[in-house]
Amino acid sequence: MRLQLTAALLALAASTAAAQDGLSVAADTLVYDDTDNVTVVSPQVSVHQELDEDGGEVSARAVVDVISAASVDVVSHATSSFEEVRTEAVLSIAKAWDDHLPSFSYRFSIEPDWESHGVTAGWQSRLGTPDSVLTASYSVTSDTIGRSETPFESWSRSLVTHGGSVGLTQVISPRLLVRGVYTLTVQDGYLEKPYRYVPLFDADAVERARASGDALDLHTFGAYRLSARPPEEVPDQRVGHALGVRGLWSLGSAGALKLDYQIYADSWDLLAHALEPELRLRLTDDLQLHVYARGYLQSAAFFWQRVYVVSQSDRIPRFRTLDRELSSYVSLTGGARVEWRHGPVAAYAEGSVMATWWDDFLLLDDRLALVGQAGVRWTP
Amino acid sequence: MRALLFVFSVTVAAGCATTRPWEREDLAQPEMAPDGDPDREALRDHLRSTREGALGGFGGGGGGCGCN
């Protein structure tokens, strides 16, 4: 039904585009599949109406995530699998005013156990020359988290996220462009997942496992854990700082080289680095090939433990989690994208492989994921 | 961190220089666009935000859980 609605929206937008200057329509689809039995299919449609030649436009975008999962997070809680649909809509407007481009957007997202509203106000200014562009934005998001098949009125928690960013894009030379962006994110509220329960062990059980030659993992932890399995509990506030630097170096008629580096640190002591080089090759005037890689490395949050061990007299640890994205891990991605443009039509197709290794996660050691994405734009 | 601050300072300082219009041929090529297609990147950024622990920076994530 949703796919039919998406197709109808696209057809309507396309027919409208044919009759109006500056209007463009686009359709994209992302497919994700991994060895942890998670599949995500995300079709998306969008419409853009140009308001001026300096970046001003009004746009609308709608995306549906169809998620099918039987990951270790699911099966370790004695659930076989689940399927879920998330729907998101975004409305945006930007209008140029001299050397400035103020913008505003509203985003709404809903799934059976999660509802999210967010607004973003942005500002972009040329600093007297097109070689220097300053950007700033502020966003606030209000999330209501519930439980599947439970009305929000019966059980819900709230999460408010504030985000502020400032950036500068600077032309250094006729062939080199550099951008720096700093982002501050403050999350306040319910940061747990309501379905996540953390297994606890006592020292005797850990010793028994060691004596039996069992490594505590997805297949064995159930035999050694204590009967009590409390819900996840993490701090109610998280403050994160991210600093990113992007460099673009022209290779003349051959294309360009892009390099991103980003460092992130937060109040949970999580420190992350990301490095992403990309080679953009111009094969013909209409055809480009982009080849990229991404390396991501992070340390664990201060309360992360692979195995939470308690003694009979101990209280349950105040903070406890089974969220692998809060543990230390390394992820490597490699991929390529072909972009083609001819007259009013532009299209792309992309494929990538992402490998992730956890060195301290009870339920999973590694994961291999395939990601495919394709899209078409029509600008009559 | 100091290296990043150095790069950022050099970038700001270089703002005094201006590229002449006839020197902007390479900069005007589509491969030199600092931002990718926003619709395409929105899909990728949301997926990435559910697979990486860091918040903010380049990209951003969209809303909702995206739990697995």
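Two strands are taken to pair if DSSP finds at least two bridges between them. Helices (H or I, at least four residues) and strands (E, at least two) are themselves DSSP runs, numbered from the N terminus. With these terms in hand, strand β2 (residues 38-50) of chain A can be described as running antiparallel to strand β3 (residues 57-69) of chain A, the two being joined by 11 bridges. The structure is a predicted model, in which local features need pLDDT of at least 70, side-chain atom pairs count only at pLDDT 80 or more, and totals for chains, interfaces and linings use all residues. Residues are numbered from 1 along each chain as its sequence is written, while chains are lettered from A and ligands numbered from 1 in the order in which they are written.

pLDDT is the predictor's confidence in each residue, on a scale from 0 to 100. For chain A the average is 92, and 94% of the residues score at least 70. Within this chain, strand β17 (residues 345-358) has the highest confidence, at 98, whereas helix α1 (residues 2-17) has the lowest, with a mean of 51. Where pLDDT is low, the predicted coordinates should not be read in detail.

A:Val40 faces A:Ile67 in β3(A). The two strands make a hairpin with 6 residues between them, and A:Gly55 in the turn has a positive phi of about 105°. On from there, β3(A) also pairs with strand β4 (residues 82-94) of chain A, in the antiparallel sense and over 13 bridges. Here A:Ala62 stands opposite A:Ala89 in β4(A).

A further set of pairings involves strands β8, β9 and β11 of chain A. Strand β8 (residues 157-173) and strand β9 (residues 176-189) run antiparallel and are joined by 14 bridges. The hairpin between β8(A) and β9(A) passes through 2 residues, and A:Val160 has A:Asp188 in β9(A) as its bridge partner. β9(A) is in turn linked to β11(A) by 13 bridges, again in an antiparallel arrangement. In this pairing A:Leu184 lies opposite A:His241 in β11(A).

Most residues other than glycine have a negative phi, and most peptide bonds are trans. A:Asn37, in the loop between β1 and β2 of chain A, has a positive phi near 65°. A residue is called buried if 20 or more other C-beta atoms lie within 10 Å of its own, exposed if 12 or fewer, and partly exposed in between, with C-beta atoms placed from the backbone. A:Asn37 is partly exposed because 16 other C-beta atoms lie within 10 Å. A:Asp269 also has a positive phi near 65° and sits in the loop between β12 (255-266) and β13 (271-282) of chain A. With 12 C-beta neighbours inside 10 Å, A:Asp269 counts as exposed. After α3(A) comes A:Gly213, with a positive phi near 80°.

A:Ala355, in strand β17 of chain A, is partly exposed because 15 other C-beta atoms lie within 10 Å. Two residues are in contact if their C-beta atoms, placed from the backbone, lie within 7 Å. Apart from its neighbours within four places in sequence, A:Ala355 is in contact with A:Leu332, A:Asp366 and A:Leu368. A:Ala355 and A:Thr35 are 320 residues apart in sequence, yet 9.9 Å apart in space, C-alpha to C-alpha.

Chain B has 2 helices and 0 strands, and 40% of its 68 residues count as buried. Its helix α2 (residues 38-49) has 12 residues, which at 1.5 Å a residue should span 16 Å, and this agrees with the 16 Å between its end C-alpha atoms. The expected span is 1.5 Å times one less than the number of residues. Among the buried residues of α2(B) are B:Leu43, B:His46 and B:Leu47. The buried residues of this helix pack against β1 (23-34), β2, β3, β17 and β18 (366-378) of chain A.

The contact between the chains takes 71 residues from chain A and 37 residues from chain B. On the side of chain A that touches chain B, the largest share, 8 residues, comes from strand β11 (residues 237-250).
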